[in-house]
Amino acid sequence: MSQKPVTRYTKSGRINIAYQVFGTGSVDLVYIPGWVSNIDWMWSCPELVNFLQELGKICRVVLFDKRGTGLSDRVVELSTLEERMDDIRAVMDAIGSEKAVLFGHSEGGCVSALFAATYPNRVISLITFGIFAKRRYAPEYPWAPTDEERQAVYDMIENGWGSGRMNLESLAPSKANDDVFMSWLANYFRSGASPSAAMVLTKMNTEVDIINILGSIRVPTLIMQRKHDVDVHIEEGRFIAERIRGSKFVELEGNDHLFWVGDTSRVLNEMKAFITNVQPAKIYGERLYTLLAANVVQSSKTGPNPQEIIRNLVIQYRGQIVQYNQKTFTAIFEGPSKAVHCGIDLISTMSRLNIQLSVGVHIKESLTNETHFINDQTKLLIESILKPAGPNQILITQPVKFLLSGAGLNLKEHKTIIEPITGESLPLFLATDHLEVEVSPLDNERRALPQNDSFLENVLQVIEKNLSDEFFGVEKLCKEIGVSERQVQRKLKAITNKSPNQLISSVRLHRAKELLFNNTLNVSEIAFQAGFSNPSYFSKVFKKEFGSSPSELIR
């Protein structure tokens, strides 16, 4: 293959995810890049192109940009690991891939590991390079950067994102004196994310911690790390490998954090041998789930039966009830963010029916056979978590907290309990919405259930419905979703890092970009369809958002 593959788009919820597919192999491999990426700019680096083409000889290779970066929609700058797992699934579904090898680099290794634990039956094997388990110093993980070292990265983004080399030499020391390569690398990062997006993504990564889920990974795993990598230390790879049963750990010579420079032939040989020789299980009997358990206190026996309402809300968040009686129920979810946000909506909805809930959320490995979810040990753990929970409170365990970065939630340390099986301390945290959404009494009946599985999805749906209305703005948005302007301003800032007006403009521009790729309308027609009455103004803001004018993009 000598030219860049076609860029295509698929929907993950209401977000467009850009992806490319190439290669002649019979095995699918999904590459999950670190930090930020731009799949078009990848093909401007000969070293990376050569590496990808070598993989394409034995695999059908899939590249994609995660939401908020590269060619994918940038209507949001924050995304949770859970949402990024949804993006991987959406791309795999779009190309008809039932199972794939996951290749995660650096930060991309975190979401790859979580995906492998959560969806093992969609993963042939897991391969990582330069992976870390957390990005903040702790006594039990002393190789992670200190707060002072992370601040230096924030300062670099703040002061150097728009010009210079951005201090990137540490990522590829062997290329530090190669001006062409270093210029490409700086442009690659800048084309992958705006300065504000790079900043919020970096701060979000500082809070991520996947240590607790490593023991739940069952798929064949290859972990590669360079011995003198200054960005991610060799000890981090050893630490992770020790906690993934049966994993293969390969220590490589060199100090480059990027896998496509330095001794790339060794990296490729290790990957090819692992891909061709691995024998994955046909089906895995266990996987990682998030459990939500609740005590139900109904103030009146004559009130409505809440079971159907609870069941419908759980389904809205892609969950499943696995145990229910009049006083308690337990549900399982694919990830912690869905579980906690479902818990927030359950408390809000039930309180309007004079029913109080106490909710606990934990993440654990369970059998895929739903009849065995709630064993005696799980019951004891659930009871221990729920015991200190007051009415209309959500308590989450520390493993859940570490996976909620970017979810727009307030998490406050609440109490430490003793895990009933292991006898170890288990910190609990009180989870609340970043800003509780106020609902007027007139809207209670209409909004008994959310339209989608998140506040953001509801907002995006309303914006898209009114896209061609040039007069649509914040006032109408707030009226349609039944939330005050102050609330919308603060909540959208928490979960997207954008104001409502910025979000509306961004959705309009990304829809216009979609229409331009379809190439059936002229620029003026597309401007009107996207809600811009002035084509010249549209071209101006379009170029500011994407770096190219609409006419240049068409060409």
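In this predicted model, Glu253 is exposed, with a relative accessibility of 52%. The side chain of Glu253 meets that of Lys227 in a salt bridge, at 2.8 Å from N to O. Lys227 sits in the loop between strand 7 and helix 7 (234-243), and Glu253 in the loop between strand 8 (248-252) and helix 8 (264-277), so the bridge ties together parts that are 26 residues apart in sequence. Lys227 is partly exposed, at 32% relative accessible area.

The structure holds 31 salt bridges in total. Another of them joins Lys134 to Asp209, with 3.4 Å between the closest N and O atoms. Lys134 belongs to the loop between strand 6 (123-129) and helix 4 (147-160). Asp209 belongs to the loop between helix 6 (195-207) and strand 7 (221-226). The pair therefore ties together parts that are 75 residues apart in sequence. Lys134 is buried, with a relative accessible area of 7%. Asp209 counts as buried too, at 4%.

A further bridge links Glu107 with Arg84. Their closest N and O atoms are 2.4 Å apart. This pair connects distant parts of the chain, 23 residues apart. Glu107 lies in the loop between strand 5 (100-105) and helix 3, whereas Arg84 lies in helix 2. Glu107 is buried at 4% relative accessibility. Arg84 is buried as well, with a relative accessible area of 3%.

Salt bridges also form a network. Its members are Glu82, Asp86, Arg89, Arg318, Glu334 and Lys338.

Arg84 and Arg89 also take part in the packing of helix 2 on helix 3. Two packed helices are described by the angle between their axes and the distance between the axes. Helix 2 (residues 81-94) and helix 3 (residues 108-118) pack at an angle of about 75°. Their axes are 10 Å apart. Helix 2 is thus roughly perpendicular to helix 3, as angles of 65 to 115 degrees count as roughly perpendicular. By class, the contact comprises seven nonpolar, two polar and two charged residues. Helix 2 contributes Leu81, Arg84, Met85, Ile88, Arg89 and Met92. From helix 3 come Gly108, Val111, Leu114, Phe115 and Thr118. An α-helix has 3.6 residues a turn, so residues three or four places apart point the same way.

Ser106 has a positive phi of about 50°, although it is not a glycine. Most residues other than glycine have a negative phi. Ser106 is buried, with a relative accessible area of 10%. A positive phi of about 50° is found at Trp35 as well, again not a glycine. Trp35 lies in the loop between strand 3 and helix 1. At 16% relative accessibility, Trp35 counts as buried, the cut-off being under 20%.

Helix 1 spans residues 46-56. Its buried residues are Leu48, Val49, Phe51, Leu52, Glu54, Leu55 and Gly56. They pack against strand 2 (15-22), strand 3 (27-32), strand 4 (59-64) and strand 5. Helix 5 (179-192) and helix 8 are also among their partners. Glu54 is one of these buried residues. Its side chain is joined to that of Lys272 by a polar contact of 2.9 Å. Beyond residues up to four places away in sequence, Glu54 touches Leu268 and Lys272.

Leu222 is located in strand 7. Leu222 is buried, with a relative accessible area of 0%. Leaving aside neighbours within four places in sequence, Leu222 is in contact with Leu126, Ile127 and Thr128, among others. Leu222 and Gly246 are 24 residues apart in sequence. In space, their C-alpha atoms are 9.4 Å apart.

How values were computed. Residues numbered from 1 in each chain as written. Predicted model: local features only at pLDDT ≥ 70, side-chain atom pairs only at ≥ 80, totals over all residues. Heavy atoms only, no water. Axes fitted to C-alpha atoms, helices over the stretch in contact; angles between N-to-C directions. Helix = DSSP H or I, 4+ residues; strand = E, 2+ residues; numbered from the N terminus. Parallel < 35°, antiparallel > 145°, perpendicular 65-115°, else oblique. Contact = heavy atoms within 4.5 Å. Nonpolar A, V, L, I, M, F, W, Y, C, P; charged D, E, K, R; others polar. Salt bridge = Lys/Arg side-chain N within 4 Å of Asp/Glu carboxyl O. Buried < 20%, exposed > 50% of the residue type's maximum accessible area, 1.4 Å probe, protein only. Polar contact = N/O pair within 3.5 Å; in protein donor to acceptor, adjacent residues only side chain to side chain.
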